[in-house]
Amino acid sequence: MNWDWDKLREKKEQYEHRQGGGNIPKPPQMDEVLAKFKNFRFPGGILLIVVLFFVFFGSSLFFTVGVDEVGVIQRFGKYNRISQPGLNFKLPTGIERVTKVKIKRVYKEEFGFKTTPAGGSRFATDSEDIGAALMLTGDLNVAVVPWIVQYRISDPYKYLFKVKNVNSILRDMAEATMRTVVGDRSINEVISKREEIAIAARERLQEEMRQAETGIHIVTIEMKKTNVPEPVQPSFNEVNEAVQEKEQLIYKAKEEFNKAIPQARGEARRVIKDAEGYALDRVNRAMGDGARFTSVYKEYVKAKDITEKRLYLEAMAEILPKIGGKYVVDSDQSNLLPLLNMGQGSSVISGPGKEGDKK
């Protein structure tokens, strides 16, 4: 095979020309790099150190506190002051240190259940949380009482320096308080009066937190659905059904009682009022008759003959219209038998042997 050396030489020259006129740069060697690094000198080294110093300490002189928090400043580890929201100044790091505490945020502790990320809730599976929810009621029944404690930090100084591990203290006291409140009530009260229990537990827990100087304010205690343990749930439901049936019968009996008793009482009052009215009428009539007889007697004493005639005439005027047939007989008449067949009319006999006028 014969090579065309002229063409090869021409291509080589073209390649070298494209690479910079034939001067192909070589990569730097390690020895050269180390030599250049050893001989390097920072320009203005002192000035750079001063700038770094001020940047480091200047960033620790100023700090910002959010609107929902305060800054607790310690000087050499000892409490010094509290900084309010906004831009604040402190001594450099190593002298003063700031700890930010959110005083407007509402924290919560859950007992007996855990909130899922999706926003729901489920009963806890840990033995510790299950034990916190199991409580003995006043009537010696076991209840599952899940609840939530919501609180805020009211005193940052006490919260940071008075008590170690405040959250643990809060959980222990909350559990003890709830057991005390539930232990004073029956199982039915624990199930039906959750709001009342929550209010009593909040007041009691707040007092415990105040005495312990935790710097915590209890906002509210929210009671979740209270129930009995699952193994005894069927028996408990039967008991509730029996109690409800009993109450239903009692309500029906009270309803009948409320219908019958008021009616009987009303009838008794009516009879009593009627008797009182009758008695009052009789008394008034007797008093009126007595007064009338007294007045008549007074007139009789004044004029006996006239009064006797007037009384006689008044009595006759009242009696005669009420009787049927009347016979007026002369005192000298000896035999009345013939006169009895005169019919139903009235007869007046003027004397013996005389014909009477029929009226």
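Predicted model: local features only at pLDDT ≥ 70, side-chain atom pairs only at ≥ 80, totals over all residues.
Figure 1. Tyrosine 157 counts as partly exposed, because its relative accessibility is 31%, between the limits of 20% and 50%. Phenylalanine 161 is also partly exposed, at a relative accessible area of 34%. Helix H5 (residues 156-161) holds both tyrosine 157 and phenylalanine 161, which are 4 residues apart, or about one turn of the helix. Their ring centres are 5.6 Å apart and the ring planes meet at 50 degrees, so the pair is classed as tilted. In the whole structure, 6 aromatic pairs are found.

**Figure 2. A charged side chain over a ring: arginine 171 and phenylalanine 111.** Arginine 171 lies over the face of phenylalanine 111, and the distance to the ring centre is 4.3 Å.

**Figure 3. The largest nonpolar core.** This core has 31 residues. Trp147, Val149, Met178, Leu205, Ile218 and Ile221 have the most contacts inside it. At least two core residues come from each of strand S11 (147-153), helix H6 (166-183), helix H7 (187-192), H8 and S12. H6 gives the most, with 6 residues. Which residues does methionine 178 contact, leaving aside its neighbours within four places in sequence? They are Met135, Trp147, Ile197, Ala201, Ile221 and Met223.

**Figure 4. The open antiparallel sheet S3-S2-S5.** The sheet has 3 strands, in the order S3-S2-S5. Strand S3 (78-83) and strand S5 (96-102) each have a single partner strand, so one side of each has no neighbour in the sheet. Neighbouring strands are turned against each other by 30 degrees on average, direction ignored. Strand S2 (residues 69-75) pairs with S3 in the antiparallel sense over 5 bridges. Glycine 71 has serine 83, in S3, as its bridge partner.

**Figure 5. Leucine 140, a residue with positive phi.** Most residues other than glycine have a negative phi. Leucine 140 is not a glycine, yet its phi is positive, at about 65 degrees. Leucine 140 sits in the loop between strand S9 (134-136) and strand S10 (142-144). Its relative accessible area is 69%, so leucine 140 is exposed.

**Figure 6. Glutamate 213, also with positive phi.** The phi of glutamate 213 is near 55 degrees, a positive value in a residue other than glycine. Glutamate 213 is placed in the loop between helix H8 (194-212) and strand S12 (216-223). With a relative accessible area of 34%, glutamate 213 is partly exposed.

Key
Residues numbered from 1 in each chain as written. Heavy atoms only, no water. Buried < 20%, exposed > 50% of the residue type's maximum accessible area, 1.4 Å probe, protein only. Core = buried A, V, L, I, M, F, W, Y, C linked by side-chain atoms within 4.5 Å. Contact = heavy atoms within 4.5 Å. Pairing = 2+ DSSP bridges. Axes fitted to C-alpha atoms, helices over the stretch in contact; angles between N-to-C directions. Phe/Tyr/Trp six-rings, centres within 6.5 Å; stacked < 30°, edge-to-face > 60°. Lys NZ or Arg CZ within 6 Å of the ring centre and 35° of its normal.
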